[in-house]
Each structure stands twice: as structure tokens, then as C-alpha cells.
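Q: Please take a close look at the nonpolar core of this structure and at the aromatic rings. Which residues and elements are involved, and how are the rings arranged?

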Amino acid sequence: MMKHVCPHCKRNIHAPLLSQYEESFRCPHCQQELMHDELDILIYAFVAIILFSTIAVVVLHLHVFIALSLALLLYHFIRPRFIESHFRLRSYPKPPTS
């Protein structure tokens, strides 16, 4: 669980990890459906994988394919503990009614 602020009621909440919910979760105070911001997820993943693989290629002199594979594995294991706490929360979009 990570501390975040609900964008709807502006109260502190403990947001679950990405692996602990399917599409959204509810704020315990206002019952607003929330989710982690997808843009944050993509940007942090891109930056982390590029950074890890560049370090592996330049410093450790690994082959690019091996460096990318190791970077993906490293990101997979460090994301829940170190990176997910920086993701912003946003309201879950309602499906259009017709």
C-alpha cells in the first residue's frame, strides 16, 4: 500500500499496488473510482528501461539484447517497491452511455 491523495476529495488514501486490482479501485472516503495514471506508468517504464540498459551496455559492456532483457527484468522487480509510489492517481473514466 502506498500513500496518495485522492484527486476527487483531496484526502490521503492508501492506494493498492497495480498488481492488486484489475481496472480501478475505490477511494474509501468518497467512493470515487480511481486508477494509476497510465502516462506515468509508461514514462517511468521507458525512462527506467533506457537508463538500466544504457548503463549495462556502456559500463558492463553487455550485448544490447541481453542488456534490454536484464533491464526489463530489473524494472519488473523494482517497480512495486520503488517506482509505483510515484505514480499519480486519476479518476477512472466512465464508459459512454448510449
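**The nonpolar core and the aromatic pairs**

A: In this predicted model, the largest nonpolar core has 20 residues, and those with the most contacts inside it are Ile 13, Phe 25, Leu 34, Tyr 75, Ile 83 and Leu 89. Two or more residues of this core come from each of strand 2 (12-15), strand 4 (33-36), helix 1 (38-58) and helix 2 (64-83). In soluble globular proteins, nonpolar side chains tend to be buried together.

Apart from neighbours within four places in sequence, Phe 25 is in contact with Ile 13, Ala 15, Pro 16, Gln 32, Glu 33, Leu 34, Met 35, His 36 and Leu 89.

As for the aromatic rings, the structure holds two pairs. In one of them, the ring centres of Tyr 21 and Phe 25 are 5.1 Å apart and the planes stand at 65 degrees; the pair is therefore edge-to-face, a class that requires over 60 degrees. Tyr 21 is also buried, with a relative accessible area of 13%.

The rings of Tyr 44 and Phe 87 have centres 5.6 Å apart and planes at 65 degrees, so this pair is edge-to-face. Because Tyr 44 belongs to helix 1 and Phe 87 to the loop between helix 2 and strand 5 (89-91), the pair ties together parts that are 43 residues apart in sequence. Tyr 44 is partly exposed, at 33% relative accessible area, whereas Phe 87 counts as buried, at 1% relative accessibility.

How values were computed
Residues numbered from 1 in each chain as written. Predicted model: local features only at pLDDT ≥ 70, side-chain atom pairs only at ≥ 80, totals over all residues. Heavy atoms only, no water. Core = buried A, V, L, I, M, F, W, Y, C linked by side-chain atoms within 4.5 Å. Buried < 20%, exposed > 50% of the residue type's maximum accessible area, 1.4 Å probe, protein only. Helix = DSSP H or I, 4+ residues; strand = E, 2+ residues; numbered from the N terminus. Contact = heavy atoms within 4.5 Å. Phe/Tyr/Trp six-rings, centres within 6.5 Å; stacked < 30°, edge-to-face > 60°.
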